[in-house]
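This report looks at a few selected places in one protein chain. Please keep the sequence and the structure open while reading.

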Amino acid sequence: MRRAIALASTARRRVSPRPWVGAVVVPGDEPDHAGYEGATDGRAGPHAEAVALAEAGPRAAGATVYCTLEPCAHHGRTAPCADALIEAGVTRVVVGIDDPDPKVAGQGIARLQAAGIAVDLGVLGDEIQGQLQPYLVHRRTGRPYVVLKLATTLDGRAAAPDGSSRWITGDAARLDAHRLRADSDAILVGAGTVRADDPSLTVRLPAGEADGVEPLRVVLGAAPTAAQVQPAMEWDGDLHELLDELGSRGVLQLMVEGGPRVAHDFHRAGLVDRYVIYVAPALFGGDDGRAVFAGSGASTIDAIWRGQIVEVQQLGEDLRIDLVGRDDAYATRPRRTRTDH
């Protein structure tokens, strides 16, 4: 299953809004065989299970198949993977997590079991939940998984009093932020940031690493026609409605980049699923620098938002801190019916 997870990670930037899935077929007569491998093939090609079965050929008969996500049981762009596994004659399927897509939702597992195939569910499930979080949120809520990216000094400042803010962090942290862009389907900034910094919001990675399409660029407000961010989707309205719209367009992950007012509005509305905070070993040393959030915050210590730090990485001289909420972020969100993955 760990190999299947690794295979899935290679497909992420090539397949969204489909789920990035990995599969390994191990012949029944060779349990120590490295296995025949597959990952979701692009935005219209076969699913991971079908790729692995094609590589295994007749050796799939009697095999055990490891797949990170429940095999599908419906006709979409491809035939059902559950049927392909049955036809191949596999005897056991080990599944990481079930698929919340209403078109699957346990039906793939049920079909395999009805055909007499043993199914084990939940192997490395927590790890796979983390890997597929944007897809899972989208299928459960109809909205994208929202990542708020912040860059700050140790004393919590995002820009100097004159508004200058470029290069708070070093090269390694900025490269990591571009990887985060590449993993996202859309990037959002406010019109004020566009006017002040004129960002392009493109993905800039070493050759061979950026194998996905450029994310959709979203501006809150109106961007100048000559701005580098153009062409962009411009939005002037409710943020909840914006997330519904982006979800309907197949955006699984939205990266919110700024500025401080936009960061505040998403945070205050409870719309952030993950905070990615790049912290530089630097100090403005005063209270006149611009904070990472612009707007009113908690009025008492009892009212402050508290989350969980789930990951800390050293990136050159900087730190990346990943923070999520303590409560189930999906419990109160409306569920929408999604299209075929």
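Two residues are said to be in contact when heavy atoms of theirs lie within 4.5 Å. The model discussed here is predicted.

E49 is part of helix α2, which covers residues 48–56. Neighbours within four places in sequence set aside, E49 is in contact with A23, C67, L69, E70, P71 and C81. What is the nearest side chain of opposite charge to E49, and how far away is it? It is R18, at 8.7 Å. E49 is buried but has no salt bridge, since a salt bridge needs a side-chain nitrogen of Lys or Arg within 4 Å of a carboxyl oxygen of Asp or Glu.

**A covered strand and its partners**

Strand β6 spans residues 145–153, and eight of its nine residues are buried. β6 runs parallel to strand β11 and also parallel to strand β12. The table lists the bridges for each pairing.

| Partner of β6 | Residues of partner | Bridges to β6 |
|---|---|---|
| β11 | 253–258 | four |
| β12 | 274–280 | seven |

V146 stands opposite L254 in β11, while V147 has R274 in β12 as its bridge partner. In a regular strand, side chains alternate between the two faces of the sheet.

**A nonpolar patch on the surface**

I309, V312 and L319 make a nonpolar surface patch of about 260 Å². V312 belongs to strand β14, residues 307–315. Is V312 buried or exposed? V312 is exposed, because its relative accessible area is 52% and the cut-off for exposed is over 50%.

Terms used. Residues are numbered from 1 along each chain as its sequence is written. This is a predicted model: local features need pLDDT of at least 70, side-chain atom pairs count only at pLDDT 80 or more; totals for chains, interfaces and linings use all residues. Side-chain values use heavy atoms; hydrogens and water are left out. Patches are made of residues with over 30% relative accessible area and no salt bridge: like charges are joined within 9 Å, nonpolar side chains (Val, Leu, Ile, Met, Phe, Trp, Tyr) within 5 Å. Accessible areas come from the Shrake-Rupley method with a 1.4 Å probe; for residues, only the protein chains shown count as cover. Helices (H or I, at least four residues) and strands (E, at least two) are DSSP runs, numbered from the N terminus. Buried means under 20% relative accessible area, exposed over 50%, partly exposed in between (1.4 Å probe, protein chains only). Lys and Arg count as positive and Asp and Glu as negative; His and the chain ends are not counted. Two strands pair if DSSP finds at least two bridges between them.
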